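I opened the model today to look up a few contacts and pairings, and I kept the entries below in the order in which I went through them.

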Amino acid sequence: MNDAAERKLALSHLWVAFIAFVVACFMGEYQVLERSGFIPALDSPSVYFASVSTHGVLMAFVLTTFFIMGFGYYIASTSLKQPVWNKPLAWGGFWLALVGVVLAAIPLLTGKASVLYTFYPPIVAHAAFYIGATLLVVGSWVWCVIMLVMFVQWKKANTGQPVPLAMFATTMNAMLWLWTSAGVALEVLFQLIPFSLGWIDTIDPGLSRTLFAWTLHPIVYFWLIPAYTAFYVFVPKQAGGFLFSDEMARLAFIVLAVFALPIGFHHLYMDPEQAKGWKLLHGIGTFVVALPTLVTGFTVIASLEIAGRLRGGKGLFGWILSLPWTNTMVLSVILSLLMLIFGGFGGIVNASYAMNAMIHNTAWVPGHFHLIFAGTTVIMYFAIAYYLWPMLVKKPLFSNSMALVQLWTWFIGMSILTTPWHVLGLLGEPRRISSVVYNNLLTLAWKPYEFMMIFGGLILLGSACLFIYVLAKTQLNPAAEAFDQEIEFAEPIHAVASLPEWLNDIKLWNKVIAVLMAISFGYPILQFFFMDTSGSSPWGY
Amino acid sequence: MQTEPLKPKYEQLLRDFYTQFRAIHIDQLERKWITISLLVIGLFVGIITIDAFFHGVNPPSKVETVDSASLHLNKEFAEDNLGVQADEKGNVIVRMVAGRYAFFPKHISVPAEMPITLRWVSMDVLHGVHIPMTNMSTMIVPGYVAEITTTFPKPGEYPVLCNEYCGLGHNHMWSNISVIAKEDWKAPVKSAAKGGSTNE
């Protein structure tokens, strides 16, 4: 199949993602330096909060969305062995999203949208920020539609056949994202945009926070699913073995997508506008969604063990040593799982209903999500990029050893950055401060940890630059001989010949999600229309 | 719509689902792992639920509204009613207003080892507050009263910190609280003329 058009489509998305990523890494290092107070000349709340807002938007919205779209297009065309459906529409989505990013970047970089990426009404930003963010989301909806159409068309043409696992996961993610983004879309369209344009005088921040909580949890699973997809469909083959179980992989993706949605109130545990019964209900759901991650951990480690033993590894742990540690995909998954274990532990603390009070809005929280997102998830984005780049540009990877150094330094840098960050939270440091000016002895205990974080950030910045360098050198290498290896999807130990329809389709799960969402968000949203609330007028910052 | 055959239809669907579910190939080892995972999750959820229902361990969740724009006209949160008070039954109640960039009153004194009910309101934007080394933590959302009851175990001087981005001066938003040994603490007498007695 001549897939030049698909490759160009995927590459364009991935480049936007990674350029946003490296720009945001520079901002991250500036932020740890500024916050530490070691360089008094840097001290500026207005620059700091403009930077934090931009860093958050670039990492959480631009890197992720563009990466997932580019990855999805390539997975769809290679796993289904079909060209991407309606390429002009796909390019339309790309440009729409890119125009949205540029439109949002202007107020962000000029300090007119320092409201952080979670918005915080009744503080208002320039309307262009909200409109730009909306266009980015609408662009991503185009991707969702294309994924769903390709899924349905393939199923129609291959009646009774199991959909390739990679495509099943990608379609689940497209469905998940449509549901996920609806919450924030309602907030932005009916509250924030009219509010920022002055069409409405007041808004209810309680309702805004509830709608944002709808999006805030499943969005992290939207980011995570490509990493899990790589765990299941690339890792076993790259390690030299087989996927432990195809059915369990599908079940894990289903439970992830279904239970990621109705549980957002663990972000509102400390909020006064929702009652405890609803919080507890969402809290229990939050623990349920730990299950697919535990299953994934098992399947991935079991697949690695099979590979290790096939390569001659012996003994209880000997197979770990015989894994191909110099394969970028295998190294990434090992480092990713290590970060997942610690990040997952922190996540259980956050999810624990009342214990959450101990760490809520302290430095622990950014420590946690950097470990689990920038660590566990993004290191798999790197692994996917290193794996796909040679196929996308038809040239071999510029340097495998540089790539290995990059992955190790990312892991080491992330450990040095996030460990002190967690400790700072337990010592009571709030998150989202630009400097420490509390006249209190407690702050002396924070200093050494602030200092360590500067080094963690520096290592990460170096690693990020090396990543971009390897990708650019691979693509621009004029001397490289042609590379014609094809993408390889892992084979399960037990090949699946046929599957029950609910393991091979999204229709049933869509209905289950609708019911669960109505139960868990129905009354909590409706209450704002029955309660005697007083809205808030807009505030600057 | 046919209503009559609906029930058997769903029963049949569920039965099919169950048979198909049983037919999925799940390895023995994986079965064990899933069972262990479910038990661990069940244990966590069980502890949390029992604590919530029988020990009253819940996050601040009193859905009570207030007009944040007119707190000065609100009897409860008018300036002279803020700070620490003890009601007829001896319960200690603290009323606090959060506004850019401080918590008012700027300093309060409360007893250690006694349950204290804190009622926080915002007069402008979103804030959050926590007192390090204690479990006093809540969001303060404009339009709502954030109420939390807690006990400070150890006497000492504690900072009261804003933990939610509320504007460019956010880092400067903090106040102080003195936790005094129970026996040294005297309930302030509520008097509108004097204001909260421990207020500065």
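This is a predicted model: local features need pLDDT of at least 70, side-chain atom pairs count only at pLDDT 80 or more; totals for chains, interfaces and linings use all residues.

Residues are numbered from 1 along each chain as its sequence is written, and chains are lettered from A in the order in which they are written.

Entry on the hairpin. I found that β2 (residues 83–86) and β3 (residues 92–99) of chain B pair in the antiparallel sense over 4 bridges, with B:G83 standing opposite B:R95 in β3(B). The two strands form a hairpin with 5 residues between them, and B:G90 in the turn has a positive phi of about 90°.

Entry on a helix pair. With axes as lines fitted to C-alpha atoms over the stretch in contact, and angles running from 0 to 180 degrees between N-to-C directions, I read that α1 (residues 4–36) and α3 (residues 87–109) of chain A come within 11 Å and cross at roughly 10°. Angles under 35 degrees count as roughly parallel, so α1(A) is roughly parallel to α3(A).

Entry on the interface. Counting residues as in contact if their C-beta atoms, placed from the backbone, lie within 7 Å, I found 65 residues of chain A in contact with 57 residues of chain B. On the side of chain A that touches chain B, α10(A) gives the most, with 7 residues.

Methods:
Two residues are in contact if their C-beta atoms, placed from the backbone, lie within 7 Å. Angles under 35 degrees count as roughly parallel, over 145 as roughly antiparallel, 65 to 115 as roughly perpendicular and the rest as oblique. Two strands pair if DSSP finds at least two bridges between them.
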